[in-house]
Amino acid sequence: MTTVRAATTETIFEYTGLSPTVFFTIVAMMVVTYKVVCGMFVSADDFVPVKTQPLHLGDMTEEELSAYNGFDSEKPLLMAIKGQIYDVSTSKMFYGPGGAYAMFIGRDASRALALLSFKPEDINGNLEGLSDAELEILQDWECKFMEKYAQVGQLVPKKTLTENIED
């Protein structure tokens, strides 16, 4: 047993220049770091939502959608693509406050997604003047959202004063 230990110690020192204690401490720290980093990336399939029934909010105006912008932790994170509203709450790391795509929350982000733009003036639902290639990019985004997130409603035009009186 002593010869095996001595041979191991000698081999570790020969290849790394480190004592076995330092070598195994570094290996252990690498394993822990790997586990921590992998734990940060939980897939949507591993996430079990608290609410068991799908959220359905129905039709809403852009003004109503803007209330779901991530600043009220009691409300879901919503964004629209081509007028369809999606609940992206399962991806708070990306869409929540401080996330890379937080500026899209509570808005129709169709134009910005089509242009692959983060410019504030592009974050709207106006598709006028987009090229076929840009519309194809938007279609890819829409397909990804339809696969990953629940559609909870759709955007409708703002009601006029006379429509409100008739209701």
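Start by selecting Ser91: leaving aside residues up to four places away in sequence, Ser91 touches Gly96, Lys148 and Tyr149, where a contact means heavy atoms within 4.5 Å. You are looking at a predicted model, in which local features need pLDDT of at least 70, side-chain atom pairs count only at pLDDT 80 or more, and totals for chains, interfaces and linings use all residues. Residues are numbered from 1 along each chain as its sequence is written, and side-chain values use heavy atoms, with hydrogens and water left out.

**Stop 1: Ser91**

Stay on Ser91 and show the side chain of Tyr149 as well. The two side chains are joined by a polar contact of 2.8 Å. A polar contact is a pair of N or O atoms within 3.5 Å; within protein, one must be able to donate a hydrogen and the other to accept it, and residues adjacent in sequence count only if both atoms are side-chain atoms. Is Ser91 buried or exposed? Ser91 is buried, with a relative accessible area of 7%. On that scale buried means under 20% relative accessible area, exposed over 50%, and partly exposed in between, using a 1.4 Å probe and protein chains only. Ser91 sits in the loop between E2 and H4. Helices (H or I, at least four residues) and strands (E, at least two) are DSSP runs, numbered from the N terminus.

**Stop 2: Ser89**

Now select Ser89, in the loop between E2 and helix H4 (92–95). Its side chain reaches the backbone nitrogen of Leu77 at 2.8 Å. Not counting residues up to four places away in sequence, Ser89 touches Pro76 and Leu77.

**Stop 3**

Next, pick Lys82, in the loop between strand E1 (78–81) and strand E2 (84–87). Phi of Lys82 is near 50°, a positive value in a residue other than glycine. Lys82 is partly exposed, at 37% relative accessible area. From Gln139, draw a C-alpha to C-alpha distance to Ser110: the two are 29 residues apart in sequence and 9.5 Å apart in space.

**Stop 3: Leu116**

Leu116 is in the loop between helix H5 (110–115) and helix H6 (132–148). Here is another backbone angle to check: phi of Leu116 is near 55°, a positive value in a residue other than glycine. Leu116 is exposed, with a relative accessible area of 56%.

**Stop 4**

Val37 lies in helix H2 (residues 20–40) and counts as partly exposed, at 38% relative accessibility.

**Last stop: the whole chain**

Zoom out and color by secondary structure. The chain has seven helices and three strands, in the order α-α-α-β-β-α-α-α-β-α along the sequence. Of its 167 residues, 27% count as buried. The chain exposes about 11800 Å², with carbon and sulfur atoms supplying 60% of it; accessible areas come from the Shrake-Rupley method with a 1.4 Å probe, and for residues only the protein chains shown count as cover.
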